[in-house]
Amino acid sequence: QLKPVQVHSCAVRLCALVYFFAFLGNVIDGPVMWLLTPPDGGWESSELIAMNKIALLPALIAVLRPWFWPALVACWILWHPMRMNGGQWFFFGWDQMIDEIGFLTCILSVTLTLYDDIEVESEDEAAVVERVEEKKEEPSTQ
């Protein structure tokens, strides 16, 4: 049976993996993309590629340590100018979704550090399950 902290941690790690592969994709495909259509907003393609290379580190840290929320915040901050200034390549729905879901995952990561160390006593949970089982086994007096 999965504990809430495990599910919580997995959700943060999945978002961090999406960031990692998005940044890696920009490092690999960026030179070709921005050669065909230069980036907007006054950024040069070499600057955006360098920013993506730098962003790989906090993304990897967030995958390995999901409770270290500053790494995820760094990913979110570094992705936002990428989406806004990347040119025509960044106006698809998933690019904006990464921006929005990244913000929500930052909040989720912070709550991972604050609240998931509080667990329900297993004895209390077992007692409730036992009472439910007893009620099921009692013969009906109707």
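1. A residue is called buried when its relative accessible area is under 20%, exposed when that area is over 50%, and partly exposed in between, as judged with a 1.4 Å probe on protein chains only. Asn26 is buried, because its relative accessible area is 6%. This residue, Asn26, is found in helix H1, where helices (H or I, at least four residues) and strands (E, at least two) are DSSP runs numbered from the N terminus.

2. A word on the basis of this note: the model is a predicted one, in which local features need pLDDT of at least 70 and side-chain atom pairs count only at pLDDT 80 or more, while totals for chains, interfaces and linings use all residues. Residues are numbered from 1 along each chain as its sequence is written, and side-chain values use heavy atoms, with hydrogens and water left out.

3. On the overall make-up, the protein has five helices and zero strands, so that from the N terminus on its elements read α-α-α-α-α. Of its 142 residues, 33% count as buried. Taking contact to mean heavy atoms within 4.5 Å, 73% of the contacts between residues at least 6 apart in sequence join residues at least 24 apart.

4. Consider next the largest nonpolar core, where a nonpolar core is a set of buried Ala, Val, Leu, Ile, Met, Phe, Trp, Tyr and Cys residues joined through side-chain atoms within 4.5 Å. The largest such core has 27 residues, and those with the most contacts inside it are Tyr19, Phe23, Trp34, Leu72, Trp79 and Met82. Helix H1 (4–36), helix H2 (45–64), H3 and H4 each supply at least two residues of this core, and the largest share, ten residues, comes from H1.

5. The packing of H2 against H3 is described by axes, which are lines fitted to C-alpha atoms, for helices over the stretch in contact, and by angles from 0 to 180 degrees between N-to-C directions. H2 and H3 pack at an angle of about 150°, with their axes 8 Å apart. They are therefore roughly antiparallel to each other, given that angles under 35 degrees count as roughly parallel, over 145 as roughly antiparallel, 65 to 115 as roughly perpendicular and the rest as oblique. By class, this contact of H2 with H3 has 14 nonpolar, two polar and no charged residues, where Ala, Val, Leu, Ile, Met, Phe, Trp, Tyr, Cys and Pro count as nonpolar, Asp, Glu, Lys and Arg as charged, and the others, Gly among them, as polar.

6. Helix H3 (residues 69–85) also packs with helix H4 (residues 93–114), at an angle of about 165° and with the axes 9 Å apart, which makes H3 roughly antiparallel to H4. The residues of this contact divide into nine nonpolar, six polar and three charged, and Asp99 of H4 is one of those that make it. Asp99 is buried, with a relative accessible area of 7%, and, not counting residues up to four places away in sequence, it touches Trp76, Trp79, His80 and Arg83.
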